[in-house]
Amino acid sequence: MWHQIFNFDNYGELLGLVQNSLIAGVLLGLVGGLVGVFVITRDLPFAVHGISELSFAGASAALLLGVNIVAGSIAGSLLAAGAIGVLGVRARDRNSVIGIIMPFGLGLGVLFLSLYKGRAANKFGILTGQIIAVGTPQMAWLVGTSVVVLVALAVVWKPLTFASVDPEVAEARGVPVRTLSLTFMLVLGLAVALCVQIVGALLVLALLVTPAAAAARITASPVLLPVLSVVFALCAMEGGILLALGSTIPISPYVTTIAFVIYLGCRLVESRRTHRVPSTELGSPGDPVRTHT
């Protein structure tokens with residue numbers, strides 16, 4: 001079974017053919033790691049899944065119509081992100097909106113794919129990713145969209161962090177919390193569209209949630225958290241590409257498995273740190289009571 005799945009005989013030659021894929025992996029790791037910090041802070045994993053469903057519908061529609069798939073995916077993501085940002089101001093309303101958008105987007109995507117009579121590999125790629133087949137036109141879309149996301153994050157990072165940690169105080173101090181919320185939802189929509197092109201609509205959470213969630217288990221530093229999140233996302237992406245290159249299995253299982261193993265490792269580190277805290281630091285019943293006169 002090992003030889004049926006993996007074949008590294010011509011691995012060196014194959015590496016030269018996936019330069020675009022490796023660059024795309026770096027871009028997605030950077031975008032996914034940074035955006036994921038706010039996804040975790042603002043409790044938006046459910047929104048990521050909802051946006052990915054409409055991104056899937058947009059990509060499927062583009063595939064059916066014979067137009068650029070990345071453009072269709074971005075259009076679907078922005079439409080979903082805008083709807084969630086405008087209609088779901090409160091958490092309860094947001095979850096309801098997401099619960100309505102998800103089945104609608106999934107149903108549209110299935111409809112468009114059922115009408116598409118082209119190669120089955122194209123259908124499968126939208127769901128599970130196809131980074132090995134990243135071409136120059138798709139690479140241009142990925143680079144351009146990544147630059148937009150990174151610039152937008154750089155502009156709103158400080159006020160968005162404040163609004164994410166303590167929205168009431170931020171609003172009282174004049175921070176445009178609602179505007180920032182809508183802006184971030186649109187940025188999140190672009191990030192989801194990027195990830196859908198590579199890891200597929202079904203497994204986009206592996207890039208936009210798992211690395212940041214893992215980093216949050218071992219640090220609360222506003223500097224170290226995004227750094228570790230990006231590092232974990234890069235390890236998952238680049239490791240997934242390198243393993244998929246010598247395998248007959250799509251990239252998405254490798255990316256999700258590596259991300260999950262990193263998360264488990266961070267949980268283990270957190271658990272060991274908790275158990276190493278001496279009980280005397282909290283004051284044990286046997287400690288003498290000291291008084292000062």
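This is a predicted model: local features need pLDDT of at least 70, side-chain atom pairs count only at pLDDT 80 or more; totals for chains, interfaces and linings use all residues.
T145 sits in helix α8, which covers residues 136-165, and, if we leave aside residues up to four places away in sequence, T145 touches I74, L190 and L194.

The mean pLDDT of the protein chain is 82, and 82% of its residues reach 70 or more. Among the elements of the chain, helix α12, residues 210-218, has the highest mean pLDDT, at 95, whereas helix α1, residues 2-5, has the lowest, at 60. There is also a stretch, residues 288-293, over which the pLDDT is below 50, and beyond near neighbours in sequence this stretch has zero contacts in the model.

How many aromatic pairs does a search of the whole structure find? The search finds two, and I would like to look at one of them, the pair formed by F38 and W157. In general, a pair of aromatic rings is described by the distance of the centres and the angle of the planes. For F38 and W157 the centres are 4.7 Å apart and there are 75° between the planes, an arrangement that is edge-to-face.

Which parts of the chain does this pair tie together? F38 lies in helix α3, residues 19-41, and W157 lies in helix α8, so the pair ties together parts that are 119 residues apart in sequence. The two partners can also be described by their accessibility: F38 counts as buried because its relative accessibility is 2%, while W157, with a relative accessible area of 25%, is partly exposed. Finally for this region, F38 and W157 belong to one aromatic cluster together with F184.

My last topic is the surface, where L64, L65, V67, L111 and L115 make a nonpolar patch of about 460 Å². The elements that give two or more residues to this patch are α4, residues 45-65, and α6, residues 91-115. Is L111 buried, partly exposed or exposed? L111 counts as partly exposed, because its relative accessibility is 41%, and partly exposed refers to values between the 20% limit for buried and the 50% limit for exposed.

Note on methods
Residues are numbered from 1 along each chain as its sequence is written. Side-chain values use heavy atoms; hydrogens and water are left out. pLDDT is the predictor's confidence in each residue, from 0 to 100. Helices (H or I, at least four residues) and strands (E, at least two) are DSSP runs, numbered from the N terminus. Contact means heavy atoms within 4.5 Å. Patches are made of residues with over 30% relative accessible area and no salt bridge: like charges are joined within 9 Å, nonpolar side chains (Val, Leu, Ile, Met, Phe, Trp, Tyr) within 5 Å. Accessible areas come from the Shrake-Rupley method with a 1.4 Å probe; for residues, only the protein chains shown count as cover. A salt bridge is a side-chain nitrogen of Lys or Arg within 4 Å of a carboxyl oxygen of Asp or Glu. Buried means under 20% relative accessible area, exposed over 50%, partly exposed in between (1.4 Å probe, protein chains only). Rings of Phe, Tyr and Trp (its six-membered ring) pair if their centres lie within 6.5 Å; planes under 30 degrees apart count as stacked, over 60 as edge-to-face and the rest as tilted.
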